[in-house]
Amino acid sequence: MPSNKHPERRLALGVCLLAAAQWLALPAYADTKKVFGWVEEGLVFPDKVATKFKLDTGALTSSIHAENIERFEKDGEDWVRFTLELDDIDTEEEVENRIERKLVRDLTVRGAAGAEDRPVVMMKICLGDQMFEEQFSLNDRDKMNYPVLLGRRTLDKLGLVDTTKTFTVEPSC
């Protein structure tokens, strides 16, 4: 019959065993996921523009630089028309493209300046040898260092982020 004399010891032993099991499983998990740096080169479609992506574990939703954002209705549905303006880091040219996408949802972003609603659309990107079609909020990121920010929803599908590394893969989609 188990003794109830030292329940804290049994609890401590249980916690240690659980921690050891998780620690032993960590290398197996890491082997199944790719590891990326906190900044990577990726491609933005439809023009396959090579640009810098910041892999941001602090953001939930990915974001992309867009200007001249216009909402409109098409076939009874909400759509967004915007200018994708990105510097191609391979050619050193600015690529500008007017794009239309169906509105997926609105995202409310709260900050020091107050709340702002941003449209969210589906965009295709390439990172390493993987293509993704993900939700991106549209925002003027002219003053930001990185025109594309990948949030946790995308990172969850992508792999692990090593904050000590940058540019670990080249896009090959």
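Mentor: On the surface, Asp87, Glu94, Glu96, Asp140 and Asp142 gather in a patch of negative charge, where a patch is made of residues with over 30% relative accessible area and no salt bridge, like charges being joined within 9 Å and nonpolar side chains (Val, Leu, Ile, Met, Phe, Trp, Tyr) within 5 Å. A salt bridge here is a side-chain nitrogen of Lys or Arg within 4 Å of a carboxyl oxygen of Asp or Glu. The model is predicted, so local features need pLDDT of at least 70 and side-chain atom pairs count only at pLDDT 80 or more, while totals for chains, interfaces and linings use all residues. Residues are numbered from 1 along each chain as its sequence is written, and side-chain values use heavy atoms, with hydrogens and water left out.

Glu96 counts as exposed because its relative accessibility is 54% (exposed means over 50%, buried under 20% and partly exposed in between, with a 1.4 Å probe and protein chains only). For context, the protein chain has 2 helices and 11 strands, and 37% of its 173 residues count as buried.

Turning to another strand, Thr164 is found in β11, residues 159-166, and is exposed, with a relative accessible area of 68%. The side chains of Thr164 and Asp162 are joined by a polar contact of 2.6 Å (a pair of N or O atoms within 3.5 Å; within protein, one must be able to donate a hydrogen and the other to accept it, and residues adjacent in sequence count only if both atoms are side-chain atoms).

How values were computed:
Accessible areas come from the Shrake-Rupley method with a 1.4 Å probe; for residues, only the protein chains shown count as cover. Lys and Arg count as positive and Asp and Glu as negative; His and the chain ends are not counted. The place of a charge is taken as NZ of Lys, CZ of Arg, CG of Asp or CD of Glu. Helices (H or I, at least four residues) and strands (E, at least two) are DSSP runs, numbered from the N terminus.
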